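Colleague: I am new to this one. Could you show me how to read its features, one at a time?

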Amino acid sequence: MGNVATEARELELEQHRVELTGYCYRMLGSAFDAEDAVQETLVRAWRNLARFEGRSTLRSWLYSIATNVCLDMLNGKERRARPMDLGPAMEPVASNLNTLPEVTWIEPVPDGLVVPANGDPAEVAVARETIRLAFVAALQHLPPRQRAVLILCEVLRWQASEVAELLDTSVASVNSALQRSRATLAATDLSDATTPAQLDEADRELLARYVEAFERYDMEALTSVIQEDAQQSMPPYDLWLRGRDDIFTWWFGPGAGCRGSRVIPTTAANGSPAFGQYKPSPDGGYEPWALQVIEIEDGKIVELTFFLDTETLFPLFGLPPRLEA
């Protein structure tokens, strides 16, 4: 009987993993940090389960532990950022390609880690919208406790009284933090662009045309799928580009080594379509180059993020380490 009870308790804790990972990802801006935070949360919960007195729900108790874990992890750390957070768009020339060792970048997350597979459709749509790269980056502008208040109230729809209890503070303090955090977000350049939660046939056809055009490096075909004022970034480089003309100047200039790439679909990232890009290898076959995360609006591609840390990201997204010819 003891083993059965233990397994039941483990299962009860485990069923909250996905939503807790989504919460921790919004707090921390890193899929890997979020997974570590949730693992620590569940370990602490398991150790203290006998002392859980049921004065709140198990879910609320887990969020309380997760919040404390995230606040501890954020203590003294610089906020994570996107290249757009650090300065204006630059000219598409190789001399502007710099890495900034003091900057910790926002990392992408597979939807499956943070979006409930069988949740209420409206809640799933909100979950996808609030893991968008631009939204997660905007959250990083908030002090950690304000960040927690905003996520709990605005994303998860907790009552101010519930958040006050979780943070061991007053309702007035929660409402004040919420007001300040809304004002801070309003002052950030948070794009209204949003990839639809469910891609329709036209969106899928657009992505197929993009992949075919990118693999052929076909300027005319690429022009028809990328919006004129689109933007591109390439973490860990601080360079980002605004406008299709500058993007193409880069692709056909300093970035010309991408010609002949293979692009294969993978699980969605941050509520948006994602692809593994492999460049031709001198040794034959194709070597990993970037995880492409693509945002669509009104039938055009409006943003391309090329995450170049393939060594850690490709395994996370289930992408092979290389492609054969």
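Modeller: Keep in mind that this is a predicted model.

Colleague: Which residues of α9 itself are buried?

Modeller: Buried means under 20% relative accessible area. In α9, which spans residues 160-167, the buried residues are A160, V163, A164, L166 and L167. Viewed down the axis of α9, these buried residues fall within an arc of 165 degrees, so they line one face of the helix.

Colleague: What covers the buried residues of α9?

Modeller: The cover includes three helices: α4 (58-74), α8 (144-155) and α10 (171-187).

Colleague: Two of those names interest me. How do α4 and α8 pack?

Modeller: For a helix pair, read the angle, then the distance, then the handedness. α4 and α8 pack at about 145 degrees, and their axes are 10 Å apart. Their crossing is right-handed. On the α4 side, the contact is made by Y63, T67, L71 and L74. On the α8 side, P144, R145, R147, A148 and L152 make the contact.

Colleague: How do the residues of that contact of α4 with α8 divide?

Modeller: Into six nonpolar, one polar and two charged.

Colleague: At what angle do α3 and α4 pack?

Modeller: At about 130 degrees. Helix α3 covers residues 31-47, and its axis is 9 Å from that of α4. That angle makes α3 oblique to α4. The crossing of α3 and α4 is right-handed.

Colleague: Which residues make the contact between α3 and α4?

Modeller: From α3 come D33, A37, E40, T41, L42, R44 and A45. From α4 come W61, L62, I65, A66, V69, C70, D72 and M73. By class, the contact of α3 with α4 has ten nonpolar, one polar and four charged residues.

Colleague: Now a single side chain. Is W251 buried or exposed?

Modeller: Buried means under 20% relative accessible area. W251 has 4%, so W251 is buried. W251 lies in helix α13, residues 244-251.

Colleague: Which residues does W251 touch?

Modeller: Leave aside residues up to four places away in sequence. W251 then touches Y210, F214, Y217, L222, I226, Q232, A256, L304 and F306.

Colleague: Let us go to the loops. Where is N270 found?

Modeller: N270 is in the loop between β3 (262-269) and β4 (272-280). Phi of N270 is near 55 degrees, a positive value in a residue other than glycine. N270 is buried, with a relative accessible area of 1%.

Colleague: And D298: is it buried or exposed?

Modeller: Exposed means over 50%. D298 has a relative accessible area of 74%, so D298 is exposed. D298 sits in the loop between β5 (286-297) and β6 (300-307). Its phi is positive, about 50 degrees, although D298 is not a glycine.

Note on methods: Residues numbered from 1 in each chain as written. Predicted model: local features only at pLDDT ≥ 70, side-chain atom pairs only at ≥ 80, totals over all residues. Heavy atoms only, no water. Buried < 20%, exposed > 50% of the residue type's maximum accessible area, 1.4 Å probe, protein only. Helix = DSSP H or I, 4+ residues; strand = E, 2+ residues; numbered from the N terminus. Arc of directions from axis to C-beta. Contact = heavy atoms within 4.5 Å. Axes fitted to C-alpha atoms, helices over the stretch in contact; angles between N-to-C directions. Parallel < 35°, antiparallel > 145°, perpendicular 65-115°, else oblique. Left-handed = near helix turned anticlockwise from the far one by under 90°. Nonpolar A, V, L, I, M, F, W, Y, C, P; charged D, E, K, R; others polar.
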